[in-house]
Amino acid sequence: MGMAKEHFVLVHGEGHGAWCWFKLRWLLEGSGYRVTCIDLAGGGVDPTDPNTVGSFKQYDKPLIDLISTLPEGEKVILVGHGAGGLSVIHAMHEFVDRISQAFFVAATMLPFGFQTDEDKNDGLPTLPENEIELTLGEAAGDPPTTVALRPEFQRERLSQQSPEEESVLASMLMRPWPATAISTASFEGDDERLNRVKRIFIKTERDHMLDPEQQDSMIKKWPPSEVLVIDTDHSPFLSAPEQLFNLIH
(Lines give C-alpha, C1' and ligand atoms only; values in the text may rest on other atoms or scores of the structure.)
Protein backbone atom coordinates (compact mmCIF):
# COMPACT_ATOMS: atom_id res chain seq x y z
CA MET A 1 0.00 0.00 0.00
CA GLY A 2 2.53 2.57 -1.07
CA MET A 3 6.17 3.33 -0.52
CA ALA A 4 8.20 2.20 2.44
CA LYS A 5 9.04 4.99 4.86
CA GLU A 6 5.35 5.65 5.43
CA HIS A 7 4.64 6.43 9.06
CA PHE A 8 2.34 4.08 11.00
CA VAL A 9 0.88 5.24 14.31
CA LEU A 10 -0.45 2.32 16.36
CA VAL A 11 -3.15 3.06 18.94
CA HIS A 12 -3.96 0.53 21.66
CA GLY A 13 -7.37 -0.40 23.00
CA GLU A 14 -8.83 -0.49 26.48
CA GLY A 15 -6.49 -1.74 29.19
CA HIS A 16 -3.54 -2.09 26.82
CA GLY A 17 -0.59 0.14 25.98
CA ALA A 18 2.04 0.69 23.33
CA TRP A 19 3.61 -2.60 24.45
CA CYS A 20 0.91 -4.71 22.77
CA TRP A 21 2.17 -3.82 19.30
CA PHE A 22 5.74 -5.09 19.77
CA LYS A 23 5.49 -7.88 17.16
CA LEU A 24 3.80 -5.71 14.54
CA ARG A 25 6.24 -2.87 15.16
CA TRP A 26 9.15 -5.25 14.58
CA LEU A 27 7.64 -6.50 11.32
CA LEU A 28 6.85 -3.00 10.03
CA GLU A 29 10.22 -1.53 10.95
CA GLY A 30 11.93 -4.54 9.39
CA SER A 31 10.23 -3.61 6.12
CA GLY A 32 11.41 -0.01 6.27
CA TYR A 33 8.33 1.70 7.69
CA ARG A 34 8.42 4.29 10.42
CA VAL A 35 6.36 3.24 13.46
CA THR A 36 5.13 5.12 16.51
CA CYS A 37 3.33 3.25 19.29
CA ILE A 38 1.70 5.55 21.82
CA ASP A 39 0.39 5.17 25.33
CA LEU A 40 -2.92 6.95 25.82
CA ALA A 41 -3.53 8.60 29.20
CA GLY A 42 -3.40 5.95 31.92
CA GLY A 43 -2.33 3.21 29.49
CA GLY A 44 0.92 1.29 29.28
CA VAL A 45 3.71 3.16 31.04
CA ASP A 46 1.96 6.53 30.95
CA PRO A 47 2.22 7.82 34.53
CA THR A 48 -1.36 9.09 34.69
CA ASP A 49 -3.65 7.34 37.19
CA PRO A 50 -6.50 6.12 34.96
CA ASN A 51 -8.94 6.94 37.78
CA THR A 52 -8.14 10.63 37.21
CA VAL A 53 -8.92 10.53 33.48
CA GLY A 54 -12.34 12.15 33.39
CA SER A 55 -12.89 12.86 29.70
CA PHE A 56 -12.12 11.30 26.36
CA LYS A 57 -10.28 14.46 25.33
CA GLN A 58 -7.89 13.95 28.26
CA TYR A 59 -7.57 10.22 27.50
CA ASP A 60 -6.73 10.86 23.84
CA LYS A 61 -4.43 13.84 24.35
CA PRO A 62 -1.19 11.87 23.65
CA LEU A 63 -2.40 10.98 20.14
CA ILE A 64 -3.69 14.47 19.36
CA ASP A 65 -0.44 16.00 20.61
CA LEU A 66 1.58 13.62 18.44
CA ILE A 67 -0.29 14.41 15.23
CA SER A 68 -0.31 18.14 15.93
CA THR A 69 3.50 18.17 16.02
CA LEU A 70 4.03 16.33 12.73
CA PRO A 71 6.07 18.22 10.12
CA GLU A 72 4.03 20.22 7.65
CA GLY A 73 2.73 18.00 4.87
CA GLU A 74 3.48 14.69 6.59
CA LYS A 75 0.65 12.16 6.65
CA VAL A 76 0.32 9.11 8.87
CA ILE A 77 -1.45 5.77 8.70
CA LEU A 78 -3.44 5.19 11.87
CA VAL A 79 -4.11 1.69 13.23
CA GLY A 80 -6.56 1.44 16.11
CA HIS A 81 -7.50 -1.61 18.17
CA GLY A 82 -10.64 -1.94 20.31
CA ALA A 83 -11.48 1.41 21.88
CA GLY A 84 -8.46 2.76 20.01
CA GLY A 85 -10.87 3.09 17.10
CA LEU A 86 -12.46 6.03 18.93
CA SER A 87 -9.04 7.67 19.13
CA VAL A 88 -8.60 7.18 15.40
CA ILE A 89 -12.01 8.77 14.72
CA HIS A 90 -11.15 11.68 17.02
CA ALA A 91 -7.91 12.25 15.12
CA MET A 92 -9.77 12.09 11.79
CA HIS A 93 -12.10 14.85 12.97
CA GLU A 94 -9.19 17.00 14.11
CA PHE A 95 -6.65 16.31 11.36
CA VAL A 96 -8.42 14.86 8.34
CA ASP A 97 -5.71 16.10 5.95
CA ARG A 98 -2.87 14.55 7.95
CA ILE A 99 -4.17 10.98 7.81
CA SER A 100 -3.74 8.93 4.65
CA GLN A 101 -5.44 5.73 5.86
CA ALA A 102 -7.15 4.45 8.98
CA PHE A 103 -7.24 0.79 9.96
CA PHE A 104 -9.75 -0.46 12.54
CA VAL A 105 -8.61 -3.77 14.03
CA ALA A 106 -11.69 -5.13 15.82
CA ALA A 107 -12.08 -1.48 16.74
CA THR A 108 -14.93 0.86 17.56
CA MET A 109 -15.83 2.55 14.27
CA LEU A 110 -18.56 5.12 14.86
CA PRO A 111 -18.29 8.46 12.99
CA PHE A 112 -19.43 10.58 15.93
CA GLY A 113 -18.57 8.30 18.84
CA PHE A 114 -21.33 7.34 21.23
CA GLN A 115 -24.44 9.35 20.43
CA THR A 116 -27.06 6.74 21.35
CA ASP A 117 -27.48 3.60 23.43
CA GLU A 118 -27.45 1.67 20.15
CA ASP A 119 -23.97 3.06 19.45
CA LYS A 120 -22.80 1.75 22.83
CA ASN A 121 -24.34 -1.64 22.11
CA ASP A 122 -22.35 -1.79 18.89
CA GLY A 123 -19.08 -0.32 20.06
CA LEU A 124 -18.50 -1.33 23.67
CA PRO A 125 -17.72 -4.84 24.95
CA THR A 126 -20.47 -6.47 26.99
CA LEU A 127 -18.71 -7.96 29.98
CA PRO A 128 -20.47 -9.89 32.78
CA GLU A 129 -20.11 -8.36 36.23
CA ASN A 130 -18.25 -11.39 37.56
CA GLU A 131 -15.48 -10.87 34.99
CA ILE A 132 -14.64 -7.26 35.82
CA GLU A 133 -13.39 -5.13 38.68
CA LEU A 134 -14.81 -1.63 39.05
CA THR A 135 -13.32 1.36 40.80
CA LEU A 136 -16.27 3.47 41.90
CA GLY A 137 -16.43 7.25 41.93
CA GLU A 138 -16.15 9.17 45.18
CA ALA A 139 -19.81 10.09 45.55
CA ALA A 140 -22.70 7.67 45.84
CA GLY A 141 -24.24 7.13 42.44
CA ASP A 142 -21.13 8.22 40.54
CA PRO A 143 -20.25 5.98 37.59
CA PRO A 144 -17.13 3.83 37.92
CA THR A 145 -13.93 5.65 37.13
CA THR A 146 -12.17 2.54 35.83
CA VAL A 147 -12.92 -1.00 34.71
CA ALA A 148 -10.47 -3.90 34.61
CA LEU A 149 -10.80 -7.44 33.36
CA ARG A 150 -10.12 -9.90 36.16
CA PRO A 151 -6.88 -11.77 35.38
CA GLU A 152 -8.54 -15.18 35.21
CA PHE A 153 -10.76 -14.00 32.32
CA GLN A 154 -8.22 -12.02 30.32
CA ARG A 155 -6.96 -14.83 28.11
CA GLU A 156 -10.40 -16.12 27.19
CA ARG A 157 -11.69 -12.65 26.37
CA LEU A 158 -8.67 -11.13 24.68
CA SER A 159 -6.15 -13.65 23.40
CA GLN A 160 -7.32 -17.24 23.55
CA GLN A 161 -5.35 -18.11 20.38
CA SER A 162 -2.13 -16.43 21.45
CA PRO A 163 0.84 -18.27 22.95
CA GLU A 164 0.09 -18.81 26.63
CA GLU A 165 3.28 -17.14 27.77
CA GLU A 166 2.24 -13.97 25.93
CA SER A 167 -1.12 -14.00 27.70
CA VAL A 168 0.82 -14.17 30.97
CA LEU A 169 2.95 -11.22 29.92
CA ALA A 170 -0.13 -9.26 28.86
CA SER A 171 -1.78 -9.93 32.22
CA MET A 172 1.26 -8.38 33.93
CA LEU A 173 1.03 -5.25 31.77
CA MET A 174 -2.74 -4.71 31.53
CA ARG A 175 -4.13 -1.74 33.45
CA PRO A 176 -7.65 -0.62 34.36
CA TRP A 177 -9.12 1.64 31.72
CA PRO A 178 -11.03 4.92 32.26
CA ALA A 179 -14.48 3.57 31.58
CA THR A 180 -16.48 6.78 31.81
CA ALA A 181 -14.02 8.72 29.67
CA ILE A 182 -14.23 6.10 26.93
CA SER A 183 -17.99 5.50 27.09
CA THR A 184 -18.73 9.24 26.82
CA ALA A 185 -16.58 9.79 23.73
CA SER A 186 -18.57 11.83 21.23
CA PHE A 187 -17.54 14.05 18.35
CA GLU A 188 -19.10 16.72 16.18
CA GLY A 189 -18.42 17.11 12.52
CA ASP A 190 -19.24 16.04 9.00
CA ASP A 191 -19.09 12.40 7.97
CA GLU A 192 -18.50 13.44 4.35
CA ARG A 193 -15.32 15.13 5.54
CA LEU A 194 -14.30 11.96 7.39
CA ASN A 195 -14.87 9.94 4.23
CA ARG A 196 -11.88 11.68 2.66
CA VAL A 197 -9.77 9.25 4.68
CA LYS A 198 -9.64 5.68 3.39
CA ARG A 199 -10.95 3.38 6.14
CA ILE A 200 -10.20 -0.34 6.31
CA PHE A 201 -11.91 -2.52 8.90
CA ILE A 202 -10.20 -5.75 9.96
CA LYS A 203 -12.81 -8.09 11.37
CA THR A 204 -11.70 -10.71 13.90
CA GLU A 205 -13.83 -13.81 13.47
CA ARG A 206 -13.11 -15.48 16.83
CA ASP A 207 -13.39 -12.35 18.95
CA HIS A 208 -14.72 -12.81 22.50
CA MET A 209 -14.36 -9.14 23.45
CA LEU A 210 -16.00 -7.22 20.60
CA ASP A 211 -18.33 -9.79 19.09
CA PRO A 212 -18.25 -10.30 15.30
CA GLU A 213 -21.95 -9.31 15.31
CA GLN A 214 -21.04 -5.95 16.88
CA GLN A 215 -18.33 -5.47 14.29
CA ASP A 216 -20.77 -6.32 11.48
CA SER A 217 -23.27 -3.78 12.80
CA MET A 218 -20.73 -0.95 12.73
CA ILE A 219 -19.55 -1.98 9.26
CA LYS A 220 -23.13 -1.96 7.96
CA LYS A 221 -23.98 1.43 9.46
CA TRP A 222 -20.85 3.21 8.25
CA PRO A 223 -19.37 1.13 5.42
CA PRO A 224 -15.60 1.45 5.16
CA SER A 225 -13.58 1.44 1.96
CA GLU A 226 -12.69 -2.19 2.55
CA VAL A 227 -13.42 -5.02 4.98
CA LEU A 228 -10.74 -7.61 5.62
CA VAL A 229 -11.31 -10.72 7.71
CA ILE A 230 -8.85 -12.50 9.94
CA ASP A 231 -9.69 -15.78 11.69
CA THR A 232 -8.35 -14.78 15.10
CA ASP A 233 -9.15 -13.70 18.61
CA HIS A 234 -9.41 -10.04 19.67
CA SER A 235 -5.62 -9.64 19.67
CA PRO A 236 -4.18 -10.57 16.27
CA PHE A 237 -1.08 -8.50 17.04
CA LEU A 238 -0.22 -11.34 19.45
CA SER A 239 -1.93 -14.38 17.91
CA ALA A 240 -1.30 -13.72 14.19
CA PRO A 241 1.10 -10.80 13.76
CA GLU A 242 2.34 -11.87 10.32
CA GLN A 243 -1.22 -12.08 9.00
CA LEU A 244 -2.03 -8.67 10.45
CA PHE A 245 1.16 -7.23 8.97
CA ASN A 246 0.23 -8.56 5.54
CA LEU A 247 -3.20 -6.95 5.75
CA ILE A 248 -2.03 -3.47 6.63
CA HIS A 249 1.07 -2.85 4.57
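**Group meeting: a sheet, its strands and some aromatic rings**

Thr232 is buried, at 2% relative accessibility, and buried means under 20% relative accessible area, exposed over 50%, and partly exposed in between, with a 1.4 Å probe and protein chains only.

Some ground rules. This is a predicted model, in which local features need pLDDT of at least 70 and side-chain atom pairs count only at pLDDT 80 or more, while totals for chains, interfaces and linings use all residues. Residues are numbered from 1 along each chain as its sequence is written, and side-chain values use heavy atoms, with hydrogens and water left out.

Now the sheet. In what order do the six strands of the open sheet run? The order is E2-E1-E3-E4-E7-E8, with parallel pairing; two strands pair if DSSP finds at least two bridges between them. E2 and strand E8 (226-230) are at the edges with a single partner strand each, so one side of each has no neighbour in the sheet. From one strand to the next, the twist averages 20 degrees; axes are lines fitted to C-alpha atoms, for helices over the stretch in contact, and angles run from 0 to 180 degrees between N-to-C directions.

Strand by strand, E1 and strand E3 (residues 76-81) run parallel and are joined by five bridges. His7 has Val76 in E3 as its bridge partner. Helix H3 (residues 61-68) packs on the sheet and touches E1, E2 and E3, with its direction at about 150 degrees to that of E2.

Further along, five bridges join strand E4 (residues 99-105) to E7, again parallel, and Val105 stands opposite Ile202 in E7. E7 is also joined to E8 by five bridges, running parallel; here Thr204 has Ile230 in E8 as its bridge partner. Strand E7 (residues 198-204) is largely enclosed by the rest of the structure, because six of its seven residues are buried.

Next, the rings. How many aromatic pairs does the structure hold? There are four; rings of Phe, Tyr and Trp (its six-membered ring) pair if their centres lie within 6.5 Å, and planes under 30 degrees apart count as stacked, over 60 as edge-to-face and the rest as tilted. Phe8 and Tyr33 make an edge-to-face pair, 5.2 Å centre to centre, with 90 degrees between the planes. This pair links distant parts of the chain, 25 residues apart: Phe8 is in strand E1 (residues 7-11), and Tyr33 is in the loop between helix H1 (22-30) and strand E2 (34-38). Phe8 is buried at 1% relative accessible area, and Tyr33 is buried at 9%.

Trp21 and Phe237 form a tilted pair, 5.1 Å centre to centre, with 55 degrees between the planes. Trp21 lies in the loop between E1 and H1 and Phe237 in helix H11 (residues 236-239), 216 residues apart. Trp21 is buried at 0% relative accessibility, and Phe237 is buried with a relative accessible area of 0%. Elsewhere, Phe56, Tyr59 and Phe187 form one aromatic cluster.

Key: Helix = DSSP H or I, 4+ residues; strand = E, 2+ residues; numbered from the N terminus. Contact = heavy atoms within 4.5 Å.
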